[in-house]
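Biologist: I would like to learn how to read the features of a model like this one, taking them in turn. Could you go through it with me?

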Amino acid sequence: MTTEAAFGDVQAEQEEQFLDLIDHYKGERGSLVPLLQGAQGIFGYLPQEVMVRVAEAAGEPLSKALGVATFYSQFRLHPHAKHTIRCCHGTACHVSGATLISQEIERHLGIHAGENTPDMLYALEEVHCVGACGMAPVVMINDRAHGKLTPDKAVEVVKHFQAEVAAGDGGPVSGDGREDAE
Amino acid sequence: MMAAERVLVKPAPQNPRLTVPEVDVRICLGTGGVAAGSREVLKAFKEGLARTNVLAVIRPREDDCAGRCASVTGTGCQGLCAMDPLVEIHLRRNGSSQKVTYGQVTPAMADEIIAQHIIGGEPISKWLVLTDEGPTEFDSFYASQEKLTLRHVGIIDPEDIDDYLEADGYQALYKVLSQMTPEQVIDEIQASGLRGRGGAGFPTGQKWRFAAGYSSPDGVKYFICNGDEGDPGAFMDCSALEGDPHAVFEGMAIGAYAIGATTGYMYVRAEYPLALRRIKIAMKAAEERGLIGDNIMGSDFSFHIKLKEGAGAFVCGEETAMMQSIEGNRGMPRLRPPFPAESGLWHRPTNINNVETLAVVPWIILNGAEAFAARGYEKSRGTKVFALAGKVNRTGLAEVPMGRTLREVIFGIGGGVKHGKAFKAVQMGGPSGGCLPESLLDLPVDYETINQTGAIVGSGGMIVIDQDNCIVDTARYFLSFTQQESCGKCPPCRIGTKRMLGVLDKICEGKGTLEDIAFLEEMAQQVRVGSLCGLGTTAPNPVLTALKYFRDEFEEHVLEKKCRAGACAALTTYAIDPATCTGCRACARVCPVQAITGERKEIHVIDQALCIKCGACFEKCRFDAVRRS
């Protein structure tokens with residue numbers, strides 16, 4: 001199979017999933033947020049044409065859909081890398097040195113928080129509290145939390161994950177609620 | 001009531017245990033446990049036990065076992081996160097029963113525990129954190145706790161509804177539907193003195209009474225569970241949802257029956273993927289068993305629950321904002337009245353309670369309002385879950401009766417400050433609360449007392465900060481949080497928090513003046529009185545309490561350009577003391593910007609022009625040769 005054909009398959013599959021999503025929420029009140037969440041889960045972000053179709057499906061003007069999408073921090077209007085590294089900046093993590101950990105990971109990946117690596121493999125984010133305060137400071141890679149980190153250890157954890165990705169075993173991609181079973 | 005005329009089906013496990021295994025291993029698979037590597041430990045136990053060839057590894061509800069057998073179960077948070085992964089081992093052999101818990105277990109340790117303890121019969125005492133026989137150094141963590149809300153968390157398998165049913169699950173709902181009128185339920189909850197655990201502390205029974213008193217033309221009423229635990233540093237709702245989701249459903253159903261609601265929404269943060277996954281599993285099981293849905297247990301009462309994933313907005317924890325969000329709008333609060341009890345979600349009467357509040361409701365129904373009210377202090381009855389984190393030795397979740405002193409919780413249960421450092425403050429109530437100094441540690445933790453200090457009990461997060469944390473930086477941290485999370489509706493909140501943050505940045509950079517401190521106080525008043533919702537009205541609290549109790553630190557930053565904690569980079573310099581330096585190169589290796597030079601066994605020097613003040617060398621040096629000033 002050529003790369004182009006494979007790309008076409010991905011698009012067709014995404015289109016099918018998107019149509020299922022729209023169908024699932026048909027006629028349901030308050031469906032705008034779950035539609036946006038579902039669409040982002042399928043496409044990885046919310047491209048303009050998807051926004052237009054989501055607004056239409058929810059029966060709302062595009063301006064409102066865009067207003068909602070920009071209100072919540074979960075939504076992304078730009079392409080997002082395959083794997084997400086989230087540095088937790090909850091209170092417990094902040095007082096335990098989260099800033100230094102973020103800086104070290106930024107230096108290691110060569111990007112700032114909020115950016116993707118140029119190969120679109122890793123996105124780095126700073127988030128407020130992932131609920132593992134007892135293990136502060138915490139970094140989440142996709143849906144897996146890593147706790148009790150120091151700047152050195154955090155970079156080690158990221159490097160270890162990168163090695164897994166390079167070996168073709170990166171686990172499930174950027175988490176929108178998906179989680180590896182035991 | 002109609003309910004009395006029908007014969008209801010009493011809930012019971014569908015697949016009772018076929019075997020009580022000789023070896024029962026329970027491993028914490030909460031978010032904290034998983035972060036510490038508990039999945040790998042669980043796998044090591046399963047594989048290691050199977051390798052012994054002495055014990056068959058079974059699932060007690062599915063497999064019958066003729067010979068000797070063991071089961072390995074994943075549970076929710078077991079509480080003592082500092083020692084995660086926690087592994088509880090319960091041995092039943094030769095007519096006796098022995099239960100112990102190991103802490104910080106690794107896969108390698110699992111093999112040793114299997115060989116020495118499970119097979120050999122000798123517990124490995126150096127790794128134990130809890131035993132039912134002798135004392136361990138962690139006894140004070142467990143001793144004063146009373147688990148009502150978290151009664152099943154860390155014990156049952158949250159993904160197995162039969163585990164919950166076996167542990168009195170859905171019996172409270174059965175009792176309510178078969179024996180109690182809605183009024184009686186409300187009376188019971190009101191008599192218990194239960195107050196909203198999300199932060200505001202409003203009496204739950206009274207809230208239900210308001211909601212019960214309103215009706216809509218089409219008869220629709222809503223019951224919402226607030227699981228949008230946005231306070232950074234609180235994780236009790238996360239743990240309750242991960243560890244015992246059915247208890248929250250049961251609490252919702254009881255509340256819905258009391259107020260006459262037929263539709264429920266469970267609003268949970270998307271940042272809690274594990275909680276969401278377990279809720280979905282539990283919801284499906286509860287619906288299949290007829291415990292949620294139409295004609296619950298064969299009664300006239302029907303109640304459906306829909307799961308709504310939050311999309312990342314702190315303000316949605318505010319009830320009117322949450323309803324906006326469920327309706328598919330930007331989550332912006334609106335003016336009250338009308339209160340949600342009168343006109344809430346889609347203009348119907350609506351009641352909202354927090355996860356922790358709902359999780360304890362079944363306990364109150366089963367054990368009685370008096371039993372709950374017998375615990376507590378003054379107007380704060382019952383128990384409350386506190387999340388201990390930050391610079392405290394034993395981080396984790398602790399449930400204690402209200403009214404224990406801060407000192408008992410932080411130094412008794414929490415075991416004091418990490419690495420023997422000096423206690424500076426405890427932050428309570430997150431972005432709506434404040435930092436309390438050592439002089440207030442003997443205050444009892446109850447809603448009224450803590451309110452008087454300028455902080456709040458809030459959702460129960462307690463973050464301990466020590467001598468290495470800067471009070472100004474901590475205040476700035478919270479302002480940067482509220483400034484980002486302000487929905488923007490009220491200009492005093494939107495602009496005021498931004499201006500306050502700007503001033504705090506300036507002080508941390510060593511450019512502040514005394515006028516700036518006065519400006520902070522003035523602006524704090526403006527933001528407080530000019531904002532509509534709780535986010536804005538409480539946003540200045542972290543700054544006001546910091547100024548109230550730690551004004552000298554602000555003045556030091558401003559007048560002496562000094563940060564005593566060494567946390568504000570612009571006010572801190574690192575230098576190597578030539579007399580103490582051994583030339584070991586440890587600091588040079590750890591420096592991320594190669595600012596430290598010097599050959600082995602020669603004195604090292606930090607190039608101040610290159611230094612980014614990260615403090616890595618300071619942490620690394622074993623000879624205290626790196627000096628911070």
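Modeller: We will go from the domains to the interface, then to a sheet and a pair of helices. Please keep in mind throughout that this is a predicted model.

Biologist: Let us begin with the domains, then: which domains does the assignment give for chain A?

Modeller: The assignment divides chain A into domain 1, covering 3–71, and domain 2, covering 83–166, and the centres of these two domains, taken over C-alpha atoms, are separated by 29 Å.

Biologist: How should I read the interface, and how many residues of chain A are in contact with chain B?

Modeller: The size of an interface is often expressed as the accessible area that is lost when the parts come together. Here we can describe the interface by its contacts, with 44 residues of chain A in contact with 51 residues of chain B. On the chain A side, the elements that give two or more residues are helix H2 (32–43), helix H4 (62–71), helix H5 (91–95), helix H6 (98–109) and strand E4 (144–146). The residues on that side comprise 20 nonpolar, 18 polar and six charged.

Biologist: Turning to chain B, what is the order of the strands in the open sheet of four?

Modeller: The order in chain B is E9-E8-E7-E10, and the pairing is parallel. Strand E9 (304–309) and strand E10 (350–354) of chain B each have a single partner strand and stand at the edges, so one side of each is left without a neighbour in the sheet. From one strand to the next, the twist averages 20°.

Biologist: How many bridges join strand E7 of chain B to E10(B)?

Modeller: Strand E7 (residues 222–227) of chain B is joined to E10(B) by five bridges, with the two strands running parallel, and B:Phe223 is found opposite B:Asn351 in E10(B).

Biologist: Which strands does helix H10 of chain B lie across?

Modeller: Helix H10 (residues 245–259) of chain B lies across E7, strand E8 (263–268), E9 and E10 of chain B, and runs at about 150° to E7(B).

Biologist: Where helix H7 of chain B meets H10(B), at what angle do the axes cross?

Modeller: The axes of helix H7 (residues 182–192) of chain B and H10(B) cross at roughly 120° and come within 7 Å, which means that H7(B) is oblique to H10(B). The crossing of H7(B) and H10(B) is left-handed. B:Pro182, B:Val185 and B:Ile186 of H7(B) make the contact with B:Ile254, B:Tyr257 and B:Ala258 of H10(B), and the residues of this contact divide into six nonpolar, no polar and no charged.

Key: Residues numbered from 1 in each chain as written. Chains lettered and ligands numbered in written order. Predicted model: local features only at pLDDT ≥ 70, side-chain atom pairs only at ≥ 80, totals over all residues. Contact = placed C-beta atoms within 7 Å. Nonpolar A, V, L, I, M, F, W, Y, C, P; charged D, E, K, R; others polar. Pairing = 2+ DSSP bridges. Axes fitted to C-alpha atoms, helices over the stretch in contact; angles between N-to-C directions. Domains from an automatic or database assignment. Parallel < 35°, antiparallel > 145°, perpendicular 65-115°, else oblique. Left-handed = near helix turned anticlockwise from the far one by under 90°.
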